[in-house]
Amino acid sequence: MRLQYTCSSCKTTNYYTPVVPTRADLQMKMGDEVRVNCSNCGKQDKKHLNRISAVTDTRIIIVGLILGIISTVVLWNFVGAIGTITFSLPIIFWKYELEKTRNFNAYAIKRPK
């Protein structure tokens with residue numbers, strides 16, 4: 001899971017580095033607003049935590065795909081049927097990332113009036 005936000009001036013997508021399981025944990029750690037710095041235009045800004053969203057990290061899914069292919073090739077010659085089961089390893093990685101993303105995005109912080 002990666003946290004991302006959109007720059008208010010140049011509208012590019014940037015990534016926010018602290019990764020926590022839920023938005024509430026991020027609020028306890030950083031407060032209601034965080035300071036961000038755009039990597040494209042260099043503008044420093046404050047973003048409310050509701051403006052930061054989680055997206056699935058494709059790097060982890062690719063690692064799962066590579067591990068699944070390697071384990072399938074290795075186990076196919078020895079065990080057969082278990083080799084085909086290990087091919088589902090990328091699906092397990094994808095479901096895990098999707099669940100983490102859902103958990104973060106499902107909770108919104110109430111803004112004071």
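1. Which residue in the hairpin of β3 and β4 takes a positive phi? That's Gly-42, with a phi near 85°. Six residues sit between the two strands of this hairpin. Bear in mind that we're looking at a predicted model.

2. On the strands themselves: β3 (residues 33-37) and β4 (residues 44-48) run antiparallel and are joined by five bridges. If you want a pair to check by eye, take Val-34, whose bridge partner in β4 is Lys-47.

3. Val-34 turns up again in the largest nonpolar core, which has 13 residues. Val-34 is among the residues that touch the most other members, along with Leu-3, Tyr-16, Leu-26, Leu-49, Ile-52 and Phe-104. As a general point, nonpolar side chains tend to be buried together in soluble globular proteins.

4. Leu-49 is worth a click. Leaving aside residues up to four places away in sequence, Leu-49 touches Arg-23, Leu-26, Gln-27, Gly-31, Asp-32, Val-34 and Ile-109.

5. Now helix α4 (residues 89-105). With 17 residues at 1.5 Å a residue, α4 should span 24 Å, and the end C-alpha atoms are 25 Å apart, so the two agree.

6. How are the buried residues of α4 arranged? Pro-90, Glu-97, Thr-101 and Phe-104 are buried. They cover an arc of only 60° around the axis, so they lie on the same side of α4. Ile-91, Ile-92, Lys-95, Tyr-96 and Arg-102, on the other side, are exposed. The cover over the buried residues includes β1 (2-6), α1 (23-30), β5 (53-55) and α2 (58-78).

Note on methods. Residues numbered from 1 in each chain as written. Predicted model: local features only at pLDDT ≥ 70, side-chain atom pairs only at ≥ 80, totals over all residues. Heavy atoms only, no water. Helix = DSSP H or I, 4+ residues; strand = E, 2+ residues; numbered from the N terminus. Expected span 1.5 Å × (residues − 1). Buried < 20%, exposed > 50% of the residue type's maximum accessible area, 1.4 Å probe, protein only. Arc of directions from axis to C-beta. Contact = heavy atoms within 4.5 Å. Pairing = 2+ DSSP bridges. Core = buried A, V, L, I, M, F, W, Y, C linked by side-chain atoms within 4.5 Å.
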